[in-house]
Amino acid sequence: MKIVIASGKGGTGKTTLSVNLATALAGVTTTGLLDCDVEEPNCHLYVKPAFAPTEPVGTPIPVVDEELCTGCGLCARACEFNALLALPGVPLLLPELCHNCGVCAYVCPEKAISEVDREVGMLGAGEVHGMYFRWGLLHVGEARSTPLVRAVKDLTDAPALHTVIIDAPPGVACPAVEAMRGADFAVLVTEPTPFGLHDLRLAVETARQLAMPCGVVINRVGIGDSRVHDYCAQEDLPILLEIPDDRRIAEACSRGEVFAAVDGAFADKLRVFASDLEARVQRAVTR
Amino acid sequence: MKVAITAAGPELSSPVDQRFGRARYLLVVDVPERTLEAVDNTAGMNAAQGAGIQAAQNVIDNKATALITGHCGPKAFRALKAANIDVYLASGGTVAEAIDQFEAGKLEQTSSADVDSHW
Amino acid sequence: MTAAPSPSAPGHSGPQLPVPRQLVVLSGKGGTGKTSVVAALATLASNKVLADCDVDAPDLHLLLDPRRVQSEPFVSGKEARIVPERCSACGDCMDNCRFDAIGMTRLDSGRSVYVVDPVACEGCGMCARVCTSGAVELQDAERGEWFVSDTRHGPLVHARLNIGGENSGKLVTLVRNKAQELAQEINAGLVLVDGPPGIGCPVIASVTGADLVLAVTEPTVSGAHDLLRAADLVTGFGIPLAVCINKVDLNPDMAAIIRGVCAERDFPVVGELSYDTAVVRAQVEGKSIVEHGGGVADQIRDLWKTVESLLAKVEE
């Protein structure tokens, strides 16, 4: 099963839950952890892989064959993203604006346009602490992260995995949606605060728009108030797990430690949570 | 020669629009005759991105060889440079005043973008 | 209309008023307390316009009880729509779409046709080009809304991005420009911007042209890591960066490491805020921590004094 850990708001504990859950399941079942927050990846700070992201990831961009190009400018005028500029000679490409849609090559009457890869970030993948870990690091200054998110999610070269945990970037924009797409179940992490509730609503709306079954994990229970609980009851959203506001967890996190690795009770709780998720995924499939 | 100027209105008396990509009008002025053609620069305003590139395309398509604007970002500058269009910066005033200064050689020609993208 | 220029847009005509300073509050990592700090600064700073550029997950309004005075659709790019009556179900659109944005659906009549997933569609128009039945229409895509509101701490420009909305960078730019425009209109000296998390397009759009960036971090491995990535971006733009360490007592060792890195890279640490449950209590009451009161409130007052003096230096 593929579980995506998401949230509207940043800092609710997506990464904490992802790495702790993956750690609790590693060794019990074949487990994969994919850090799809390629702008600000953090899972590696906790799972501490020996490998760095060294495999370049590119996104295809057009190249124009100067021999064949007649300078007609059709490609530039067809580009909805303004990534090509028609000049008297060969058009100018602005690679950072290119969405790799292929329209320019399609419209070129001379078939003068082909595609090459432009590097946007780095990918790392391998075994660590009994789990398969995959993460990406977007180059600073790159605006579009979706191609790298897609590369992190591509499990073609990965071993067979029973459980795949995807740590999504925060928010509701394209990178978050790209990370969520194709998962069997969305676990939405929130805090019992007004900010947490507001952003949970957005996350729920996202999952519903993707027609993805979802449930809520409430982190730092004890701070704030009861409005997140009230909202879940009202919306008939299952509360899958409640993690108490425990300074030990916060401190372990701050040091880059995985609490589930040192606290057996917490690890057990997460394993129960995982089997509950599996049952929910199976119910959603049969339905 | 033809000079393109970003403007808030369609006339010589209109103020220079400090923005390039999202300027209201592009005035293409024959110098020294001062006949002009006003090009609506807002057609691509709803484009998701690349307003500066679209504006640069407007400048090129109208056969201007120089551009006067307030600020120019890196992508637009790259586009204009590729088309051999000189970029001059005007800090305010009307289109007519900017052309006066241009003809008097008092406008600063810029050799690089003066603002970041997304300006 | 979204980004249509108005005659009152900055830099158009009339007397040149002093340009308001732009202070952008960032965090790199989410959840470090950035918005709580912005709300506190909003309470302390006088004569300013507020801008919530975290358009993915805008929370600032929750502490400011805004009254909307203007709301506008945010139109950006195109999206495709397939007219079912004209679709011949050949599948060319799906084969050529690079964004997996086209699927099949069964009409009430029992006929199967292709349909566009508006969340995945990037509006490139490939489907319209390959369709031989003329069944695809490209239309302007409404991807969110933006607002101008009145609050007890002055005007607030904010926005909401639809789910899966692309180009939040453009919406961020729109919010910032609108705030800047408003500030010039009312002669405000400061635009206070609540920035988005991360380092991608929306962040680039929110720091462009800023006078000072205040990064709110926390003493955790992730906080430190993300602070440095955001710092690289900000300094790459040549913008001065100041740092606030929130929840500083959570991990004193990590706080010391962050202080060290800041000293090394010449980032002034302008404030250190204690871990204080009053921040969440203030949030529950819909107040800023300064309005709520408590130990952290005094620390933020000191922080603001330092930031104000940095802003004054930027002016020189």
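1. How much area do chain A and chain C bury between them? In this predicted model, the two chains bury about 4,800 Å² between them, and 58% of that area lies on carbon and sulfur atoms. On the side of chain A, the residues that lose the most area to chain C are A:E40, A:F195 and A:S254, which together account for 15% of what that side buries. The contact involves 60 residues of chain A and 58 residues of chain C.

2. Salt bridges also span this interface: 5 are counted between chain A and chain C. A:E40 forms a salt bridge with C:R229, with the closest N and O atoms 3.9 Å apart.

3. Chain A itself contains 11 helices and 11 strands. Its C-alpha atoms fill a box of roughly 70 × 40 × 40 Å along the principal axes. Of its 287 residues, 60% count as buried. Among contacts between residues at least 6 apart in sequence, 74% join residues at least 24 apart.

4. The accessible surface of chain A comes to about 10,800 Å², with 52% belonging to carbon and sulfur atoms.

5. Over all chains, the count comes to 37 salt bridges. One of them joins A:R220 to A:E191, the closest N and O atoms being 3.2 Å apart. Because A:R220 belongs to strand β10 and A:E191 to the loop between β9 and α7, this pair ties together parts of chain A that are 29 residues apart in sequence. A:E191 is buried, at a relative accessible area of 7%.

6. The side chains of A:R271 and A:D268 meet at 2.9 Å, N to O; the two residues are 3 apart in the helix, so about one helical turn separates them. Both are partly exposed, A:R271 at 29% relative accessibility and A:D268 at 43%.

7. In chain B, the side chains of B:E103 and B:R34 meet in a salt bridge of 2.8 Å, N to O. B:E103 lies in helix α3 and B:R34 in the loop between β2 and β3, so the pair ties together parts 69 residues apart in sequence. B:E103 is partly exposed at 40% relative accessibility, as is B:R34 at 24%.

8. Helix α2 of chain B (residues 74-82) has B:K75, B:A76, B:F77, B:A79 and B:L80 buried. These buried residues pack against elements of both chains, including β4 and β5 of chain A and α1 of chain B. Just after this helix, B:N84 takes a positive phi of about 60°.

Key: Residues numbered from 1 in each chain as written. Chains lettered and ligands numbered in written order. Predicted model: local features only at pLDDT ≥ 70, side-chain atom pairs only at ≥ 80, totals over all residues. Heavy atoms only, no water. Helix = DSSP H or I, 4+ residues; strand = E, 2+ residues; numbered from the N terminus. Buried < 20%, exposed > 50% of the residue type's maximum accessible area, 1.4 Å probe, protein only. Contact = heavy atoms within 4.5 Å. Areas by Shrake-Rupley, 256 points an atom, 1.4 Å probe, with all protein chains shown as cover. Buried area = accessible area lost by both parts, 1.4 Å probe. Salt bridge = Lys/Arg side-chain N within 4 Å of Asp/Glu carboxyl O.
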